[in-house]
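Reader: Hi, I'm new to this one and would like a careful walk through it. Could you put it up first?
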Amino acid sequence: MTAAGRGWPGDPADATTPVALDAAGVRTLAAGCDLHELDARVSVCRACPRLVAWREQVATEKRASFATEPYWGRPIPGWGDPQPWLVVLGLAPAAHGGNRTGRVFTGDRSGDWLFAALHRAGLAALPTSVHAGDGQRLDGVRIVAAVRCAPPDNRPTTDERDTCAPWLAAELALLPTARVILCLGGFAWDAALRQLAAAGNAVPRPRPRFGHGATADVGPFTLIASFHPSQQNTFTGRLTEPMLDDVFAAAKDLAAPPVQA
Ligand code: SF4
């Protein structure tokens, strides 16, 4: 794992960044800071013992194909445009993807799909995202994960989900230009609804159900859902490139101001 401020390109934290050690610490540290400081505090969080142990074990043992590479081995902050119209919300980083590269959705097949689609939509400078300093840039988009550490089997526990939630809540509050949240998968859809309800926004009744292309207006946001670009979904054809392209086109339409008659 890479210690804060030890030279990882773009590391938002340094040795003085305060570290959350439990759920109360997350709630305290998620409040009262700007976006850069929030990224820094997220990136050193140690509030979930099981996830801390897992992310660091993976970063030490490594996958054979990445044996010579350094691993980030820390939580993954949001990444992209600090003044986005679109927030792309995923589940959690992959053990050998974001947990290795230090950038959300970077270094695994899901991320390859997502960044290629963002590029086709004119929202990413490059069709690939490989590592910090690769020249990738998002225009009008910020990508975040509902749970910021890689979980074993991609399954955070309910406690871990709830412990991490204040980071997402604080991040959404620091993105006043955001209008649309694209939820990749049912976990992200539920996390967004839960988060926005907790922030005092009225959630439609009956509660909007996840489905590819589903939308819901909640507070200042419109949610739009997509199947997650997981290998399971993309290999089986459950999610195709045109389907993902259509979701980005729909997100743009949702964010566009109404045309005056
Ligand atoms: S999952 Fe979230 S709350 Fe838990 S250690 Fe990682 S960043 Fe902290």
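**Strand pairing and the ligand shell**

Author: Leucine 86 stands opposite valine 180 in strand E4. This is a predicted model, in which local features need pLDDT of at least 70 and side-chain atom pairs count only at pLDDT 80 or more, while totals for chains, interfaces and linings use all residues. Residues are numbered from 1 along each chain as its sequence is written.

Reader: Which strand pairs with E4 over four bridges?

Author: Strand E2, residues 86-90, pairs with E4 in the parallel sense; two strands pair if DSSP finds at least two bridges between them. Helices (H or I, at least four residues) and strands (E, at least two) are DSSP runs, numbered from the N terminus.

Reader: And how many bridges join E4 to E6?

Author: Five, and E4 and E6 (residues 221-226) run parallel, with valine 180 opposite threonine 222 in E6.

Reader: Is E4 buried or exposed, and why?

Author: Five of the five residues of E4 (180-184) are buried, so the strand is largely enclosed by the rest of the structure. Buried means that 20 or more other C-beta atoms, placed from the backbone, lie within 10 Å of a residue's own. Val180, Leu182 and Leu184 cover one side, and Ile181 and Cys183 the other.

Reader: Switching to the ligand, which residues come nearest?

Author: Of the 16 residues around the ligand, these are Cys45, Cys48, Pro75, Cys149 and Cys164; a residue counts as near a molecule if its C-beta atom, placed from the backbone, lies within 6 Å of it.

Reader: Which helix gives the largest share of that shell?

Author: H6 does, with four residues, and helices H3 (49-61) and H6 (158-173) each supply at least two.

Notes: A residue is buried if 20 or more other C-beta atoms lie within 10 Å of its own, exposed if 12 or fewer, and partly exposed in between; C-beta atoms are placed from the backbone.
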